[in-house]
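Here is a walk through one model, from its surface charge to its core and its salt bridges. Please keep the sequence and the structure in view while reading.

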Amino acid sequence: MNQQNAENLRKRLVEIGDELRDVASNDFARRHELLTESDVVRAALDEEVGEDLGEAAAEWAERAGHKGSHEVDYEARKGAIVSPIEPGGNSG
């Protein structure tokens, strides 16, 4: 990946967004021109960094699959002090 090229593409996307905000809502030709350029720039950026993003997403998915269990450990909870006003406490 060419980091400088990717950064330039990101900057251009921001510039296009800024330009779109300044274009009159009824200036359809200019809006179309900018939106078309935006599509081209996004495609170029995806080509530039898409593979790296795919690898990063796969890494995160792998890490997420190895997180700790969310099940309750009832053996560990046996030693917990329970307040009489909490559910499971002895209120009688």
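On the surface, Glu-51, Asp-52, Glu-55 and Glu-59 gather in a patch of negative charge. Patches take residues with over 30% relative accessible area and no salt bridge, like charges being joined within 9 Å. Glu-55 lies in helix α2, residues 28-64 (helices are DSSP runs, H or I, of at least four residues, numbered from the N terminus). Glu-55 counts as partly exposed because its relative accessibility is 44% (buried is under 20%, exposed over 50%, partly exposed in between, with a 1.4 Å probe and protein chains only).

This is a predicted model, where local features need pLDDT of at least 70 and side-chain atom pairs count only at pLDDT 80 or more, while totals for chains, interfaces and linings use all residues. Residues are numbered from 1 along each chain as its sequence is written, and side-chain values use heavy atoms, without hydrogens and water.

The largest nonpolar core has 10 residues, among them Ala-6, Leu-9, Leu-34 and Val-49 (such a core joins buried nonpolar residues through side-chain atoms within 4.5 Å). Helices α1 (3-22) and α2 each give two or more residues to this core, and α1 gives the most, with 5.

The structure also holds 7 salt bridges (a side-chain nitrogen of Lys or Arg within 4 Å of a carboxyl oxygen of Asp or Glu). Arg-12 pairs with Glu-37, the closest N and O atoms being 2.8 Å apart. This pair links helix α1 to helix α2 across 25 residues of chain. Glu-19 bridges to Arg-12 at 2.9 Å and to Arg-30 at 2.7 Å, N to O. Arg-12, Glu-15, Glu-19, Arg-30, Glu-33 and Glu-37 are linked in a network of salt bridges.

Conventions:
Patches are made of residues with over 30% relative accessible area and no salt bridge: like charges are joined within 9 Å, nonpolar side chains (Val, Leu, Ile, Met, Phe, Trp, Tyr) within 5 Å. Accessible areas come from the Shrake-Rupley method with a 1.4 Å probe; for residues, only the protein chains shown count as cover. Lys and Arg count as positive and Asp and Glu as negative; His and the chain ends are not counted. The place of a charge is taken as NZ of Lys, CZ of Arg, CG of Asp or CD of Glu.
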